[in-house]
Amino acid sequence: MLKVLHLLSSDRFSGAENVVCQIITAFDGDSEVEHLYVSPEGPIRETLKEKNIRYVPVKYLNGIDLKRIVRIEQPDIIHAHDMRAGFVAALACGKIPLVSHIHNNNFDSRGLSLKSVLYLYAAIKAKHIFWVSKSSFDGYRFHNLLKNKSEILFNVIDAKAELDTKTYNYDAVYLGRLTYQKNPQRLVEVLSEAVKKTPGFTAAILGDGEDAEEVKKLIRNNNIQNNVSYLGFSDNPYKILQTAKLMILTSRWEGTPMCALEAIAMGVPIVSTPVDGMCDLIVDDQNGYLSNDNEELAKRCSEIASNDTLQKRLSDGAKQTADRMMNVESYRNAISSVYHRIAK
């Protein structure tokens, strides 16, 4: 049996954490692979408990604490998720094979920077590197050095909308962290413009983060609190997403976000800024729209919300995209193949 230690730098549930849970769940019933989840202690504990995933917390994410866990757990493979976790894993893994998994197009590693240089150490030591999109690979400063060990692996999803019995009626939904990367200030600006164009337009914002209080203030300052609801974090947002007419994203950069894949799989069109992995996923007028102009983003949101024929056509296009891109068995097999190859 192979024992895989998944290492993450965050202490709460968000995009990369969701991916890791999906990976572990994809191996359910496989008696040849055992998984454990290692990260700083935090709210993620409750999510992992609900998902019946074994959790080994560390007080701090550093080489010393990780070496201690490695001595106790004796994993056959360390699967490190994102650049910081990859660097710490490289410090602690010794002769244990390392898999690096990049879930984002890291804005601060596109040029020569401390982060790009530190990750290079981990990338060189890694036996294999998964990148969530071609743009995440191309965007890394030293990607040309890593071609022979790199693989593009799009995420897949397993949404459980049926577990939520409540009724929702939002035109647009935003789902994600409220952080600088996601540009939630721009999100509120676009939603405010959409309300001006279509006074009955409604939206829900699901997520938490350091910009949450500012977002709530901006909603009040723009006098759209009757149209835009801040719902905070939800561990099961799928019913809200599935019943919306569209998803909106205003990110500064992305990999291929899980929330976008969830929307596409549910047939929910996406209106987004044209960043990184979103350009791989969205085709204008087929499954959504891309624009870097607030007025255009608001216009597209308004059009989809008020035109059932357009919404249905884009929804069908989203489902076709999902059918083409997402196959859980192929996803699991790609990861399993790497595990068994490097563990020899």
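Predicted model: local features only at pLDDT ≥ 70, side-chain atom pairs only at ≥ 80, totals over all residues.
User: Which residues stand opposite Val173 in strand 9 and strand 11?

Analyst: Strand 8 (residues 172-175) is joined to strand 11 (residues 246-249) by 2 bridges, and to strand 9 by 4 bridges. Both of these pairings run parallel. Opposite Val173 you'll find Ala204 in strand 9 and, in strand 11, Met247.

User: Which residues of strand 9 are buried on each of its faces?

Analyst: In a regular strand, side chains alternate between the two faces of the sheet. Strand 9 (residues 203-206) is covered on both faces. One side has the buried pair Ala203 and Ile205, and the other has Ala204 and Leu206.

User: How do helix 1 and helix 14 sit against each other, roughly parallel or roughly perpendicular?

Analyst: Two packed helices are described by the angle between their axes and the distance between the axes. For helix 1 (residues 15-26) and helix 14 (residues 328-342), the axes are 10 Å apart and the angle is about 85°. That angle makes helix 1, relative to helix 14, roughly perpendicular.

User: Which residues make that contact, and how many of them are charged?

Analyst: Helix 1 brings Val19, Ile23 and Ala26, while helix 14 brings Val328, Tyr331, Arg332, Ile335 and Tyr339. Sorted by class, there are 7 nonpolar residues and no polar ones, and the charged count is 1.

User: What kind of aromatic pair do Tyr37 and Tyr55 form?

Analyst: Tyr37 is in strand 2 (residues 33-40) and Tyr55 in strand 3 (residues 55-58), so the pair links parts of the chain 18 residues apart. Tyr37 is buried at 0% relative accessibility, and Tyr55 is buried too, at 13%. The ring centres are 6.0 Å apart with 65° between the planes, and planes over 60 degrees apart count as edge-to-face.

User: Is Ser100 buried or exposed?

Analyst: Ser100 is in strand 5 (residues 98-102). Leaving aside neighbours within four places in sequence, its contacts are Ala80, Tyr119, Ala126, His128, Ile129 and Phe130. Its relative accessible area is 1%, and since the cut-off is under 20%, Ser100 counts as buried.

User: Which residues of helix 4 are buried?

Analyst: Helix 4 (residues 83-92) is mostly covered, with 7 of its 10 residues buried. The cover includes strand 1 (2-7), helix 3 (63-73), strand 4 (77-81), strand 5 and helix 5 (114-125). The buried residues are Met83, Ala85, Gly86, Val88, Ala89, Ala90 and Ala92.

Technical notes. Residues numbered from 1 in each chain as written. Heavy atoms only, no water. Axes fitted to C-alpha atoms, helices over the stretch in contact; angles between N-to-C directions. Parallel < 35°, antiparallel > 145°, perpendicular 65-115°, else oblique. Contact = heavy atoms within 4.5 Å. Nonpolar A, V, L, I, M, F, W, Y, C, P; charged D, E, K, R; others polar. Pairing = 2+ DSSP bridges. Phe/Tyr/Trp six-rings, centres within 6.5 Å; stacked < 30°, edge-to-face > 60°. Buried < 20%, exposed > 50% of the residue type's maximum accessible area, 1.4 Å probe, protein only.
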